Amino acid sequence: MKPIIKLKNLTKKYGDFIAVNNLNIEIKKGEIFGLLGPNGAGKSTTILMLLGLTEPSNGNAWVCNYNATKNPIEVKKHVGYLPDNLGFYNNRTGLENLIYIARLNNIPTEIATKKAKELLTRVGLDNNANQKVGTYSRGMKQRLGLADILIKNPSVIILDEPTLGLDPKGIKEFLQLIYKLSKEEGITVLLSSHHLHQVQQVCDRVGLFVDGNLIAQGDINTLAKSIFNEESHTIEIKLKENHESNLNTIKNLLIQNKLASKVSIISEKLIINCSDDNTTPIVKSIVNANFNINHLHVKSYGLDDIYQRYF
Ligand SMILES: Nc1ncnc2c1ncn2[C@@H]1O[C@H](COP(=O)(O)OP(=O)(O)OP(=O)(O)O)[C@@H](O)[C@H]1O
């Protein structure tokens, strides 16, 4: 299947400064892809090139098979873009704002009203439809922003820092909504963020961006495996019979049986590293050797760990 978004050697220079350097990414239909990186990494510049709002210095971006530079109008027809700062009429209600936007998109008033109501329900704002937007919380405004871009039935939605300024509950609700839209309706989502641990909950794949360079891309498990190699899984075990000789017996057992690549004894605990998740066979072999486990913790690496390992 052809990718719905394709970036090939995409580069943006401002004078001698390279804001985006030779970017290559392919995103499949229905995927949620996170462009992640610190401020100034080049995320917004990439999005602007994808929308045809700024021209690449080199390379190309295609969205829904349209070249973003040559066919920006076609791209805009298929893409809903949620910028980091939203503009609504604060003295109008959520419903009025949506109807107004639908009318701007040439949707007749009756259909616009029906569609606006449906969308407000879809984003969980049905009870706030007649409330003035000026009284909406930031989370509610973000959800209204999502309804706004869904009005033209986009195949792709692009969100620039969508969780900025939201409280933890707002972030959770918003990300759940994005996940639902993608998985239930097949909408492809590209979102940028510098909040790694938040977006890792919903992204199928991520691209890690630093100083205009994409330093890694993939799903979190693959990234963790490629970075932490033999140590991508860490299991911490404490025994009831916590003598050093017992810990050493288990250490040797696990290494001999090739269940671990490394076992350390730290603060009377076994710290076991392995490239695959061997938790079950490790626990079985400890129990079979007649030892009792009274603490077990499996550490899974997240984007924060991956990111920190890179720097
Ligand atoms: N019009 C411009 N002229 C010159 N430099 C620019 C211009 N736009 C962006 N830059 C620079 O390009 C780099 C990438 O900026 P960009 O806004 O894409 O980063 P970002 O990852 O989106 O960061 P943020 O989250 O802070 O928006 C930054 O160093 C920025 O200063």
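Me: Which residue stands opposite Asp160 in β8?
Reply: This is a predicted model, where local features need pLDDT of at least 70, side-chain atom pairs count only at pLDDT 80 or more, and totals for chains, interfaces and linings use all residues. Residues are numbered from 1 along each chain as its sequence is written. Strands (E, at least two residues) and helices (H or I, at least four) are DSSP runs, numbered from the N terminus. In β8, the residue opposite Asp160 is Ser192.

Me: How many bridges join β7 to β8?
Reply: β7 covers residues 156-160 and β8 covers 188-193. They run parallel. Strands pair if DSSP finds at least two bridges between them. Here the number of bridges is five.

Me: Which are the edge strands of the six-stranded sheet?
Reply: The open, mixed sheet has the order β6-β7-β8-β3-β9-β10. An edge strand pairs on one side only. That picks out β6 (79-82) and β10 (213-218).

Me: What angle does α5 make with β6?
Reply: Helix α5 (residues 138-150) packs on the sheet, touching β6 and β7 (contact: C-beta atoms, placed from the backbone, within 7 Å). Axes are lines fitted to C-alpha atoms, for helices over the stretch in contact, and angles run from 0 to 180 degrees between N-to-C directions. The angle with β6 is about 160°.

Key: Contact = placed C-beta atoms within 7 Å.
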